[in-house]
Amino acid sequence: MKISKLKIKTKNKLRLKRIMAAFLAATITISLAGCGDTSSYKYGRGLYQLDNMQTAEDYQDGSFGDAEHDEYSFDDSESNIPSGGIVEYSDTKNEDFEALMQEYFENAITKDSLSYHYTIKDGSTYGIEAPKATLGDAKADEATVAKQKSDDEEFYGKLSAFENEPLTKEERFTYECLMTDYEITRHMYDNRFFYEPFSPMRGVQANIPTNFTDFRFDEKSDVDLYIALMNQMRDYFDTLIDFEYEKSDAGYFMSDAVADVVIKQCDDFTSDKENHFLIQTFDEAIDELDFLSSEEKEEYKNKDKEAVQKSAIPAFEDLKKALTKLKGTGTNSGGICNYEGGKDFYADYIFPVFSGSGKTVDEEINILDNRQKSKILELSLLASSDADAYDYFTKNFSNLYKDYDKMEASELVDYIFDNCMDDFPDMDKISYKARYLSKPLETIMDGVLAYYMSPPIDDKENNLIYVNGAHPTDMWVTLAHEGCPGHMYQNTYFQSTNPSPVRAIQGNLGYMEGWAVYSSYSTVDKCDFGGSEYAQLLGKLSVINTELGYMLYGRIDMGVNYEGWTLEDVKNYLIKSGYSADRVEEVYTTIIGDPGVYLSYTVSYYEMEELRQYAENELGTKFDVKEYHRAILSCGPCQFPNLKTVVDEYISENR
């Protein structure tokens, strides 16, 4: 089926999802790093400046509202923990529930070959046969989507039958997570034309570099599968292109500005047909395989080159031709809320899917507006407390982490793991490899600083972190986010608990990105910034500056896609907030091209921080940060209302 279900997958390939956390920098005068699908954007670097800005005195006299109102409040009705704090679970597994979960798991990973390949290594372990080589069903016509909707409703009808059935603790949590997911993702079907298969950051074309360059070759059949999938790419694209024509006829084609971004991606992809990066990376990978003879290697190289030149490159050429022809047919050059039903779609589907939050968009807007005031006040007070340190920070911002930027990626990952993990559950050394992108990929993936690749759930040792060597600065923050205690640590810890297959593949962008931002911040106070006398304050300033960047993007996302901000509105917001508006058009295009993409780093971080504050307030001196982290890591990715039930249980058990 075509419309992707972002909330329950962990692999983001052509259709199904994966944990591929790509560190991105921002397009304006801030420092911003985020995870998500690869993008062709090149983002600038900078920092939040207090010059000519509101001062601490401005906030204290009330001129800018309630700057201190940045805390969250919990509604006890969100919790599934009864007043007594005791939940009764079955001691034995529910066989009918387990059978339904097996059906769900099998259906989820066999929709297409990339999903299967990146999710599990050996299907026989789960009693599942690999699907026939396929990129999946790309159709998004009315009949196909109606069938998908019907199948989902049928499954969740079966699931809901277990509401009052005896379930083990893990089964009950799985049930609650799936039901929460369904209440959100049923809105995916509100308007199929809101689906954009070629969005700049999340689209099919943006994911091709990692779909195939990261492909795992464990045996000869994997090489055959790779070639078969490469040969299907043009047909797959052409089916989606047909949908773009249908969207155009219905008045839902992308804006010209977004189309231009995707067209440039196509140009970049096809710029060197003879020495294409997919040919180079495949040849390099094949040369390392010891189970192929020299003759077989040459044969496969020839097959791959032919597939790239006759299928992959033409697929992007077809896409460029179609988008060029369809430019000008779009009826909306702004946020998704400008379509009929678009505001509700953003509120009911996009916002909760990408943020994981159970709050309303209006609530979150109020939170971010107050949070921004509070953080600017905090930044101002810190600057006032030590003017020399702040001056050092502004003058050396671009190379604060220079001593660590000189390290090899694996050396820095190990350093952070060995020196910055006191607040997290102990783990043995994680098995991983840190690799640098090849030169062709540095350009193709220019907007990506680094990303983490989760291994198949039955091959837990093969964690991968990829680093773009073209962006060698701020690697401390980058690798804390991607490695430890961020994505790699979170995924490895959860998988070490041996979760059920369904939970093992359930991903939630809000949880994963919220954790990576939240946990990586905790490492900054362990950095000595080259032995600087201002180290402690530099860490605080660095975190606040980064947080303001995330906050800015999240607020603009909601402004454009929920409140209907125009380009001029965004420009005015940037200027009012103290930022340069020189690249406002690029910012605006990013937000309308991929609605919700930055919510996972803004809203989700605050959800993580909120839960921490809540637990500390409830437990006081009984709060143990390491045990708290153990609780929220052990349950795995989920929506934040579900995570709160885990925190409530942790609180109840430790009062």
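Student: Where is Asn498 found?
Tutor: Asn498 is in the loop between α18 and α19 (501–505). Helices here are DSSP runs of H or I with at least four residues, and strands are E runs of at least two, numbered from the N terminus. This is a predicted model, where local features need pLDDT of at least 70, side-chain atom pairs count only at pLDDT 80 or more, and totals for chains, interfaces and linings use all residues. Residues are numbered from 1 along each chain as its sequence is written, and side-chain values use heavy atoms, with hydrogens and water left out.

Student: What is phi of Asn498?
Tutor: Near 55°, a positive value in a residue other than glycine.

Student: Is Asn498 buried or exposed?
Tutor: Exposed, with a relative accessible area of 59%. Exposed means over 50%, buried under 20%, and partly exposed in between (1.4 Å probe, protein chains only).

Student: And Phe529, where does that lie?
Tutor: Phe529 sits in the loop between α20 (509–524) and α21 (535–561). Its phi is also positive, about 50°, although Phe529 is not a glycine. Phe529 counts as buried, at 4% relative accessibility.

Student: Switching topic: which residues does the cis peptide bond join?
Tutor: Cys484 and Pro485, with omega about 10°. Pro485 is in the loop between α17 (475–482) and α18 (487–496).
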